[in-house]
Amino acid sequence: MEPIRVALLGAGSRGTHVYAAYAKAHPQEMRIVAVAEPDDVKRQHIVEEHAVKTAYAVKDWHDLFVVKQDFDAVVIATQDTMHRDAILAAIEKQYHILCEKPIVTTLEDSKTIARASQNFSKVFVISHVLRYSPFFTRVKKLIAQGELGRLIGIELDECVGHIHMSHSFVRGHWNNSNTSAPMILAKSCHDMDILLYLAGADCTSLSSYGDLYHFRQENAPEGAPLRCTDNCPHYEACPYAAQKIYLGKNTAWPVDVITTDLSVEGRLKALQQGPWGRCVYHCDNNVVDHQTVNAQFANGVIATFTMSGFTMTTHRGLRLMGTQAELVGDMEKGIITINYFSSRDKKTIEIETSPEGHSGSDELFVADFVRQVRANNTNGETSVASSLQSHYMAFAAEASRLENGKRMQVADFGKQE
């Protein structure tokens with residue numbers, strides 16, 4: 001079969017290192033035939049890597065939508081606040097759609113997308129890639145097989161990692177809900193989606209607590225300057241000193257996000273002039289650094305979720321409580337342990353996982369998108385309709401957090417006026 005022809009909207013980290021990388025590794029399945037990216041260096045990289053014609057390499061994605069173009073699908077990997085208009089344009093032109101999560105950043109826009117996509121017959125998927133991970137697909141299968149008896153409770157921990165927290169949610173693109181989205185949506189709609197996936201039913205109600213506890217101006221050490229590069233006297237003791245994170249031997253993520261010039265001089269200049277060189281206690285951030293959610297599902301399953309930026313590493317941990325057994329798992333390590341109540345036996349399952357791309361989920365997700373587009377078959381593991389449910393959970397959780405843990409009915413957030 002011919003490869004599907006894709007327009008890449010956004011050549012940032014995900015656009016380049018996930019979607020364009022998949023096309024390069026699997027040219028018989030997917031070709032990048034157009035790119036929209038305002039950064040000249042990033043756009044030119046895609047042009048050269050994928051032989052994109054000059055007329056189809058633009059700064060503004062709107063230029064690709066003036067008339068119906070000769071491509072099959074669009075991959076929307078722009079900044080989150082730009083998703084809405086790109087989605088609506090793609091629906092109008094009848095392109096298949098793959099969109100990065102979150103779909104949109106406001107409840108109003110979520111309802112707009114729900115209405116616009118209601119009768120859309122093309123493939124429309126959101127990158128809730130964890131549904132494709134070998135770890136979570138095995139856990140889901142174990143639940144379906146009755147390995148745990150009846151599922152009663154779920155405990156899911158998202159350990160963001162202190163470096164990831166400082167990079168993305170204190171200094172970076174997702175640090176302020178006024179310009180991006182609340183943390184529970186921007187980072188943890190993955191996890192809201194996985195709770196839905198494992199529970200196997202809609203979430204009916206939830207409550208949430210959380211706040212911005214640490215990365216605040218009043219917590220800055222005495223004498224800390226606005227930038228780490230301005231001779232900060234606390235450099236040695238501070239785990240968030242920008243020079244430690246961005247000027248070492250590593251030039252992959254998160255370093256490759258701050259500049260396209262990865263020389264030491266280029267990186268230092270980025271720290272001196274850009275957002276990633278700021279002191280973490282002197283930023284314009286307002287999103288939470290620790291949050292919990294308690295959720296109840298229509299089938300009686302109860303779940304607790306904790307997101308924290310105060311962990312050494314980035315990983316997800318899981319505990320499932322069933323009537324016959326308990327399951328404990330670590331996604332990154334690929335280890336699942338089941339403790340059986342009656343026999344007292346223990347079973348350990350080791351799953352081969354990749355250190356890259358959400359433990360291998362990214363590649364499997366894109367492969368399934370290609371399969372769906374080729375068959376014009378919308379029967380995939382994730383869809384815009386199911387993804388919107390996770391977004392309504394996130395909006396309900398944020399509303400609850402802002403009202404000191406008030407219980408929220410999730411269905412109220414999905415109602416169309």
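Visitor: Which residues in H8 are buried?

Guide: In this predicted model, the buried residues of H8 are Cys189, His190, Asp191, Met192, Asp193, Ile194, Leu195, Leu196, Tyr197, Leu198 and Ala199.

Visitor: What makes helix H8 mostly covered?

Guide: Helix H8 spans residues 189-199, and eleven of its eleven residues are buried. Just after H8 comes Gly200, with a positive phi of about 75 degrees.

Visitor: Why is Thr311 called buried?

Guide: The term requires a relative accessible area under 20%. Thr311 has 16%, and therefore counts as buried. Thr311 belongs to the loop that runs between strand S10 (302-308) and strand S11 (315-322).

Visitor: Which residues does Thr311 touch, not counting residues up to four places away in sequence?

Guide: On that basis, Thr311 touches Cys159, Val160, Gly161 and His162.

Visitor: How many disulfides does the count come to?

Guide: The count comes to zero disulfides. Cys99, for example, is in no disulfide, and the nearest cysteine sulfur, that of Cys189, lies 10 Å away. With a relative accessibility of 0%, Cys99 is counted as buried.

Visitor: What makes Glu158 and Arg316 a salt bridge?

Guide: The rule asks for a side-chain nitrogen of Lys or Arg within 4 Å of a carboxyl oxygen of Asp or Glu. The side chains of Glu158 and Arg316 meet at 2.9 Å, N to O, and form a salt bridge. Glu158 is in strand S7 (residues 151-159) and Arg316 in strand S11, so the pair ties together parts that are 158 residues apart in sequence. Both Glu158 and Arg316 are buried.

Visitor: With which residue does Arg316 form a salt bridge at 2.7 Å?

Guide: Arg316 forms this salt bridge with Asp191, and 2.7 Å separates the closest N and O atoms. The pair links distant parts of the chain, since Arg316 is in strand S11 and Asp191 in helix H8, 125 residues apart. Arg316 and Asp191 are both buried.

Visitor: How do you know that Lys406 and Glu403 form a salt bridge?

Guide: The cut-off is 4 Å, and the closest N and O atoms of Lys406 and Glu403 are 3.7 Å apart, so the pair forms a salt bridge. Lys406 counts as partly exposed because its relative accessibility is 44%. Glu403 is partly exposed as well, with a relative accessible area of 44%.

Visitor: Which residues do salt bridges that share partners join into one network?

Guide: The network joins Glu158, Lys187, Asp191 and Arg316. The count of salt bridges comes to 22.

Definitions and conventions. Residues are numbered from 1 along each chain as its sequence is written. This is a predicted model: local features need pLDDT of at least 70, side-chain atom pairs count only at pLDDT 80 or more; totals for chains, interfaces and linings use all residues. Side-chain values use heavy atoms; hydrogens and water are left out. Buried means under 20% relative accessible area, exposed over 50%, partly exposed in between (1.4 Å probe, protein chains only). Helices (H or I, at least four residues) and strands (E, at least two) are DSSP runs, numbered from the N terminus. Contact means heavy atoms within 4.5 Å. A disulfide is a pair of cysteine sulfur atoms within 2.5 Å.
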